[in-house]
Amino acid sequence: MLGPVILAASRSDKMRRIVSAAPVTKPVVNRFIPGETVDQVIPIVEDLTQAGLEVTLDVVGEDITEVEQSHAARDAYLQLIERLAELGLGEKAEMSVKLSMFGQALEGGHELALANVRPVVEAAAAIGTTVTLDAEDHTTLDSMFAIHEELRKDFPQTGCVIQAYLFRTEADARRLADNGSRVRIVKGAYKEPAEVAYQDKAEIDKAYVRILKILMDGEGYPMIGSHDPRLIAIGQELARKAGRKLDEYEFQMLYGIRSEEHLRLAAEGHRMRVYTAYGTDWYGYFMRRLAEKPANLLFFVRSMITK
Ligand code: FDA
């Protein structure tokens, strides 16, 4: 029951101000968002890649209100890519972006987001890596998929995310599997109404398996984004049945969640990519992590009380 309440709070400006200002928040936030600047996150990327893992980097931020912020988001990614290039980390690190941070919800936002994300995709390609477009709430997805298709004309490696909880996703998966896309499949992290999304966890898991099978049997590159041990085992089995080699799909998990499992899968020879978020505008990302596992909230509240 707590999950939906936390998700509602994740979009509240008042809660954002309270939670962001609480001094005790920091250590709890750091578990999921290990830095605020490029300089702080680069050593983390080095540690992860030296341990045999790959990464996808997210400069946190979403739902901006001014055009200037969308340019700042673009520039933050360009700065990150420059640092990755200097350190020769291009092959091991890709980027994940939220189009709402690139201006998608502003007036003329579709074009603005496309104009902002294109140079990031170009710069990533120039250092041998790529960008994945994260999936946000369902109202943003038609625009996200159209931008994905547009970018793929010049940069076919550009990826996107699909969410198993949405009714529309099986059809999206078929289209993306047919056109050979890189696709991350996740359960879905937003508060969605019953008209568009399964609400029941078991239904979502069943949909995830159906969709993953479509991706594995298709022409694209499936990226299994989940910490769920059952889905990971099913993913391995579906890949085997589809005759995929170990470099023809990958697992992805979030930084700070089931880290021992990241290493176990990598040691088995799987490509394992750790989604590593950093930056100052961490509120929305952090609240979604609390909503996924309400025990995180208890830990957070306890740390506030015992300070
Ligand atoms: P589930 O929630 O059932 O968790 C399985 C187990 O993992 C739990 O029992 C627990 O042990 C552990 N776990 C999961 N979440 C935890 C947490 N927050 N804290 C501690 N333990 C936790 N969503 C979206 O809507 N758009 C997107 O673009 C993305 N992108 C994305 C990238 C990657 C790489 C991942 C792994 C996930 C996303 N997500 C996402 C989030 C996704 O939709 C989903 O909310 C989370 O992955 C949690 O679902 P699981 O599949 O892990 O299963």
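The questions and answers below concern a predicted model.

Q: What pLDDT does the protein average?
A: Because the model is predicted, each residue carries a confidence score that runs from 0 to 100. In this protein 97% of the residues score at least 70, and the average pLDDT is 94.

Q: Is V5 buried, exposed or partly exposed?
A: V5 belongs to helix α1, which covers residues 2-9. A residue is called buried with 20 or more other C-beta atoms within 10 Å of its own, and exposed with 12 or fewer. V5 has 13 C-beta neighbours inside 10 Å, and therefore it counts as partly exposed.

Q: How far apart in space are V5 and K191, C-alpha to C-alpha?
A: Along the sequence, V5 and K191 are separated by 186 residues. In space, their C-alpha to C-alpha distance is 9.2 Å.

Q: Which residues of β2 point the other way from A93, M95 and V97?
A: In a regular strand, side chains alternate between the two faces of the sheet. Strand β2 spans residues 93-97, and five of its five residues are buried. While A93, M95 and V97 point one way, the residues that point the other way are E94 and S96.

Q: Which residue in β3 is the bridge partner of V97?
A: Strand β3, residues 131-133, runs parallel to β2 and is joined to it by three bridges. To go from β2 to β3 the chain crosses through helix α6, residues 109-126, and this β-α-β crossover is right-handed. In β3, the bridge partner of V97 is L133.

Q: Which element gives the most residues to the shell around the ligand?
A: The ligand is surrounded by 24 residues, and the closest are D134, V186, A189, S226 and H227. Two or more residues each come from β4 (159-163), β5 (182-186), β7 (250-254) and α12 (283-292). With three residues, the element that gives the most is β7.

Q: How many charged residues does the shell around the ligand have?
A: Sorted by class, this shell holds nine nonpolar and seven polar residues. The number of charged residues in the shell is eight.

Q: What percentage of the chain is helix over residues 45-298?
A: An unreviewed UniProt entry lists residues 45-298 as "domain: Proline dehydrogenase". Over this stretch the end C-alpha atoms are 29 Å apart.

Technical notes:
Residues are numbered from 1 along each chain as its sequence is written. This is a predicted model: local features need pLDDT of at least 70, side-chain atom pairs count only at pLDDT 80 or more; totals for chains, interfaces and linings use all residues. A residue is near a molecule or strand if its C-beta atom, placed from the backbone, lies within 6 Å of it. Helices (H or I, at least four residues) and strands (E, at least two) are DSSP runs, numbered from the N terminus. Ala, Val, Leu, Ile, Met, Phe, Trp, Tyr, Cys and Pro count as nonpolar, Asp, Glu, Lys and Arg as charged, and the others, Gly among them, as polar. UniProt positions are given in the numbering used here, feature names are shortened, and annotations may be inferred rather than shown by experiment. Two strands pair if DSSP finds at least two bridges between them. A crossover is right-handed if, with the strands pointing away from the viewer, the path from the first strand over the helix to the second runs clockwise.
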